[in-house]
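User: I would like to learn how to read pockets and sheets in a model. Please take the features one at a time.

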Amino acid sequence: MWQSSFDGSSILYLVSTPIGNLDDITYRAVKVLNEVEVIFSEDIRVTSNLLNHLGIRKKLISLHDHNEELVKSKVLDYLKGGFSVALVTDRGTPIVSDPGYKTVKYVSDMGYNVVAIPGVCAFLPALIVSGIEPQPFTFYGFLNSKDSKKRRELEDLKVVRNTLIFYEAPHRIKKTMEMMLDIFGNRFVSLSREISKKFESVYRGDIVSLISSLDDVKGEFVIVVSGNKEGYDNNFISLVDNINFYIDNGMSSMDAIKKVSRERGIPKSEVYAAYHKDVRK
């Protein structure tokens with residue numbers, strides 16, 4: 001159903017908030033936060049700090065991953081009562097790796113207007129300072145925290161030609177980069193840390209050169225990875241070409257042989273024999 005966002009009815013506003021520097025907020029966002037009846041917030045403490053900085057007093061209701069299924073009905077109740085409301089997350093643009101999707105779907109399915117108030121989103125600053133081809137890009141967000149699932153996700157992404165963008169926590173960043181090296185090869189990456197904050201920093205280089213600098217780091221990271229320019233499906237290339245691709249991307253011959261054996265479900269001895277037969281030619 002087509003809806004106008006300017007028909008005078010109550011509206012759910014998705015308001016983007018700063019990711020670090022509290023001055024990174026639009027005039028329109030401040031205006032909306034002042035005018036709505038209530039603000040639904042991922043973390044009331046974080047939102048309270050922002051509202052105090054802006055000189056805004058407003059009722060706050062908690063809405064996060066663990067209670068969204070219940071609280072979305074409260075959002076609808078306000079809209080039914082003729083009140084416009086705002087939804088904010090801790091930092092950045094709502095819904096992007098943050099709660100709110102269920103609420104937006106629920107409210108829009110019930111015929112109410114949903115309006116986005118554009119603003120800061122961490123992955124865009126990281127992309128434009130990366131020095132990596134900016135488009136096309138694929139924003140993935142957070143990889144799974146479990147190693148086995150994370151590995152499968154990266155295996156699925158290794159042939160993607162687009163620039164890849166991920167979010168990662170500081171205590172997992174080094175292990176994630178090591179896994180990327182194993183699966184992607186030694187690609188060029190950019191790591192943006194603490195974007196817009198006092199100790200903002202950007203690390204650029206190939207994965208091997210950056211891993212050693214990731215001990216005891218702090219702050220949230222955005223990882224920008226150059227895409228796979230080979231862009232092949234390894235089921236349609238020879239075993240030897242498959243092995244050589246990984247060797248060209250920084251792996252040893254034995255590691256490449258093990259990797260191809262695992263990916264294709266072929267005994268390592270068979271892959272080893274095929275490779276060394278080609279080497280002897």
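User: What volume does the second largest pocket have?

Analyst: Rolling a probe the size of a water molecule over the atoms shows where empty space is left. In this predicted model, the second largest pocket holds about 170 Å³.

User: Which residues line the second largest pocket?

Analyst: The lining consists of Thr17, Pro18, Gly20, Leu22, Val46, Thr47, Asn49, Leu50, Val88, Thr89, Asp90 and Arg91. Helix H2 (residues 44-54) gives the most to the lining of this pocket, with 4 residues. Sorted by class, the lining of the second largest pocket has 5 nonpolar, 5 polar and 2 charged residues.

User: How much space lies in the largest pocket, and which residues are closest to its centre?

Analyst: The largest pocket has a volume of about 590 Å³. It is lined by 22 residues, and Arg91, Ala122, Phe142, Tyr167 and Glu220 are the closest to its centre. Two or more lining residues come from each of strand S7 (163-168) and strand S10 (221-225). The class count for the lining of the largest pocket is 10 nonpolar, 4 polar and 8 charged residues.

User: Now the sheets. In what order do the strands of the parallel sheet stand?

Analyst: Strands of a sheet pair through backbone hydrogen bonds, either parallel or antiparallel. Here 5 strands make an open sheet in the order S3-S2-S4-S1-S5, with parallel pairing. Strand S3 (59-62) and strand S5 (113-117) each have a single partner strand, so one side of each has no neighbour in the sheet. From one strand to the next, the twist averages 25°.

User: How many bridges join strand S1 to S5?

Analyst: Strand S1 (residues 11-15) pairs with S5 in the parallel sense over 5 bridges. One point to look at is Leu12, whose bridge partner in S5 is Val114.

User: Which strands do helix H1 and helix H4 lie across?

Analyst: Helix H1 (residues 27-35) lies across S1, strand S2 (38-41), strand S4 (85-88) and S5, and runs at about 135° to S5. Helix H4 (residues 101-109) lies across S1, S4 and S5, at about 155° to S1.

User: What is the pairing in the sheet that contains S10?

Analyst: That open sheet of 5 strands has the order S6-S7-S10-S8-S9, and its pairing is mixed. Its edges are strand S6 (137-142) and strand S9 (201-206); each has a single partner strand, so one side of each is left without a neighbour in the sheet. Direction ignored, neighbouring strands in this sheet are turned by 15° against each other on average.

User: In which sense do strand S8 and S10 run, and which helices pack on this sheet?

Analyst: Strand S8 (residues 188-193) and S10 run antiparallel and are joined by 5 bridges. Within that pair, Ser190 stands opposite Val224 in S10. Helix H6 (residues 147-157) lies across S6 and S7, running at about 165° to S7. Helix H7 (residues 173-184) packs on the sheet and touches S7, S8 and S10, and its direction makes about 10° with that of S10.

User: How many helices and strands are there in the protein, and what percentage of its residues count as buried?

Analyst: The protein has 11 helices and 10 strands. Of its 281 residues, 44% count as buried. The C-alpha trace spans about 80 × 45 × 30 Å along its principal axes.

Key: Residues are numbered from 1 along each chain as its sequence is written. This is a predicted model: local features need pLDDT of at least 70, side-chain atom pairs count only at pLDDT 80 or more; totals for chains, interfaces and linings use all residues. Side-chain values use heavy atoms; hydrogens and water are left out. On a 1 Å grid over the protein atoms alone, a cavity is a set of points where a 1.4 Å probe fits but cannot get out, and a pocket is an open set with protein on both sides within 12 Å along at least five of seven lines; lining residues have an atom within 4 Å of a point. Grid points are joined across faces, edges and corners, and a volume is the space filled by probe spheres set on the points. Ala, Val, Leu, Ile, Met, Phe, Trp, Tyr, Cys and Pro count as nonpolar, Asp, Glu, Lys and Arg as charged, and the others, Gly among them, as polar. Two strands pair if DSSP finds at least two bridges between them. Axes are lines fitted to C-alpha atoms, for helices over the stretch in contact, and angles run from 0 to 180 degrees between N-to-C directions. Contact means heavy atoms within 4.5 Å. Buried means under 20% relative accessible area, exposed over 50%, partly exposed in between (1.4 Å probe, protein chains only).
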